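Subject: Handing over the structure

Hello,

Here is the structure I promised to pass on. Please have a look at it before you read my notes.

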Amino acid sequence: MPIGHPDFGKLYPCKCKIEELKAKRLSKLRDMSNLGGLTHMTFENFVPDGYGLNPEKQRNLRQAYELAREFAENPKGWLILLGGYGCGKTHLAAAIANYQIEHGRPVLFVVVPDLLDHLRATFSPESPVSYDQRFEEVRTAPLLILDDLGTQSATPWAREKLFQIFNYRYNARLPTVITSNRSLEEIDLRLRSRFNDHDLCRIHTILAPDFRGSGLAQDQSELSSLSLHADQTFESFDLRTHELPIKERENLKQAFRIAKEYAQDPQGWLVFTGPYGCGKTHLAAAIANYQVKRGYPALFVVVPDLLDHLRATFSPKSLVSYDQRFEEVRTAPLLILDDLGTQSATPWAKEKLFQLLNYRYNARLPTVITLAQESEVDERLKSRMLDISRCTVFEILAPSYRGERRRKRAK
């Protein structure tokens with residue numbers, strides 16, 4: 001450039017070197033980011049509508065995708081993604097990190113148990129970096145992404161270190177992304193109080209099942225036994241018009257009509273009582289199958305099996321905590337409890353069922369219950385079932401369908 005030109009004496013990269021320099025800069029940022037093998041996880045290869053999800057879960061997953069994309073473009077505040085294993089939260093967190101790197105911005109991505117291991121490693125005499133250096137690098141990162149919060153060993157030291165990191169970033173209002181497979185209630189109270197600051201934090205729970213599973217089959221909870229009742233629909237229900245006396249025939253028609261109307265718009269509680277084999281389980285399963293066919297979730301569970309599932313969570317080998325299992329049932333969008341009253345009536349069983357149904361009663365969550373005429377029901381539950389403003393109780397008068405068939409064959 002001639003003397004006097006504004007660019008005279010300034011250094012500029014040669015055009016042939018620009019791409020090479022850009023690649024080196026991105027490589028350095030990736031090394032700093034600690035992304036490792038997650039560099040392929042981008043917004044472009046994320047599937048926002050999932051695979052075989054019902055409409056509600058599709059909307060929920062797409063909303064998570066849009067929140068992550070919006071945060072990547074303008075990292076402000078905290079984004080907290082909750083959900084089960086394989087639901088896509090780590091992919092979205094890594095996509096935010098990769099987006100930042102592609103735009104030349106520094107980011108630190110770290111799995112929480114690995115972070116604590118890195119901090120512990122600095123106490124070794126052979127560590128090339130001091131604890132203070134490592135800790136400062138994490139808590140002051142321009143954008144910090146912490147994956148799998150809650151999977152770390154919950155020692156007092158670990159809890160204290162995490163609190164110090166979160167508390168510093170909270171007070172400094174530094175952009176942070178957090179993923180966890182724990183519910184908010186299971187997270188340390190001190191952290192939870194900061195997560196509940198709506199001016200700083202956006203919390204989104206992803207409802208999608210593990211995308212590594214087999215699509216629709218994985219969309220059903222492992223608690224649900226609805227697959228065993230797939231053939232029990234309204235179309236396959238036998239009204240027994242040529243078998244029953246007129247009073248019982250009309251009663252069964254009315255039960256069928258009530259169940260079908262409830263399936264179309266599930267609100268409040270619906271309780272079917274009657275002798276074994278009268279058709280109440282078939283109608284309850286038909287309600288669940290109708291909802292699932294429309295793309296809405298329904299949890300169908302036999303009460304003694306439910307209690308066994310809850311007890312199993314106390315085993316050291318259980319992959320799910322009691323709180324997670326209990327929360328899954330009590331907050332299910334539509335819950336069908338089959339054979340209430342046949343369970344072992346221990347004080348523990350009665351208390352768990354009361355807690356479960358009392359929550360659903362107060363939250364006005366749609367619930368279908370079947371119980372035999374001779375079943376004994378806790379007085380506290382009975383009082384809620386008798387609330388006609390929230391609960392419809394219908395007694396099926398028809399005798400056992402299976403018993404009628406046996407008598408006809410014998411005759």
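First, the ground rules. This is a predicted model: local features need pLDDT of at least 70, side-chain atom pairs count only at pLDDT 80 or more, and totals for chains, interfaces and linings use all residues. Residues are numbered from 1 along each chain as its sequence is written, and side-chain values use heavy atoms, with hydrogens and water left out.

Elements come from DSSP runs: helices are H or I with at least four residues, strands are E with at least two, and numbering starts at the N terminus. Two strands pair if DSSP finds at least two bridges between them. Axes are lines fitted to C-alpha atoms, for helices over the stretch in contact; angles run from 0 to 180 degrees between N-to-C directions. Contact means heavy atoms within 4.5 Å.

The sheet with β1

Five strands make an open sheet with parallel pairing, in the order β2-β3-β4-β1-β5. The edges are β2 (108-111) and β5 (201-206). Each has a single partner strand, so one side of each has no neighbour in the sheet. On average, neighbouring strands are turned by 10° against each other, direction ignored. Strand β1 (residues 78-83) pairs with β5 in the parallel sense, over six bridges. Leu-82 stands opposite Thr-205 in β5. Helix α4 packs on this sheet, where it touches β2 and β3 (144-147). The direction of α4 makes about 95° with that of β2.

The sheet with β6

Another open sheet has five strands, ordered β7-β8-β9-β6-β10, again with parallel pairing. Its edge strands are β7 (299-302) and β10 (391-395), and each pairs on one side only. The twist averages 15° from one strand to the next. Strand β6 (residues 269-274) and strand β9 (residues 367-372) pair in the parallel sense over six bridges. Thr-273 stands opposite Leu-371 in β9.

Two helices to note here:
- Helix α8 (residues 246-264) lies across β6, β9 and β10, at about 155° to β6.
- Helix α10 (residues 303-312) lies across β7 and β8 (335-338), at about 95° to β7.

Helix pairs

Two sets of cut-offs apply. Angles under 35 degrees count as roughly parallel, over 145 as roughly antiparallel, 65 to 115 as roughly perpendicular and the rest as oblique. Ala, Val, Leu, Ile, Met, Phe, Trp, Tyr, Cys and Pro count as nonpolar, Asp, Glu, Lys and Arg as charged, and the others, Gly among them, as polar.

Start with α4 (residues 112-121) and α6. They pack at about 100°, with axes 11 Å apart. The two are therefore roughly perpendicular. Val-112, Leu-115, Leu-116, Leu-119 and Arg-120 of α4 meet Trp-157, Ala-158, Lys-161, Leu-162 and Ile-165 of α6. That contact has eight nonpolar, no polar and two charged residues.

Next, helix α5 (residues 131-139) packs on helix α6 (residues 156-172) at about 45°, with axes 9 Å apart. They are therefore oblique to each other. On the α5 side, the contact uses Tyr-131, Phe-135, Val-138 and Arg-139. On the α6 side it uses Lys-161, Gln-164, Ile-165, Tyr-168 and Arg-169. The classes are five nonpolar, one polar and three charged.

Last, helix α11 (residues 322-330) and helix α12 (residues 347-363). Their angle is about 50°, and their axes are 9 Å apart. That makes α11 oblique to α12. Tyr-322, Phe-326, Val-329 and Arg-330 of α11 make the contact with Trp-348, Lys-352, Gln-355, Leu-356, Tyr-359 and Arg-360 of α12. Here there are six nonpolar, one polar and three charged residues.

Salt bridges

How many salt bridges are there? The count comes to 17, where a salt bridge is a side-chain nitrogen of Lys or Arg within 4 Å of a carboxyl oxygen of Asp or Glu. One of them joins the side chains of Asp-117 and Arg-120, at 3.1 Å from N to O. Both residues lie in α4, three residues apart, about one turn of the helix.

Best wishes
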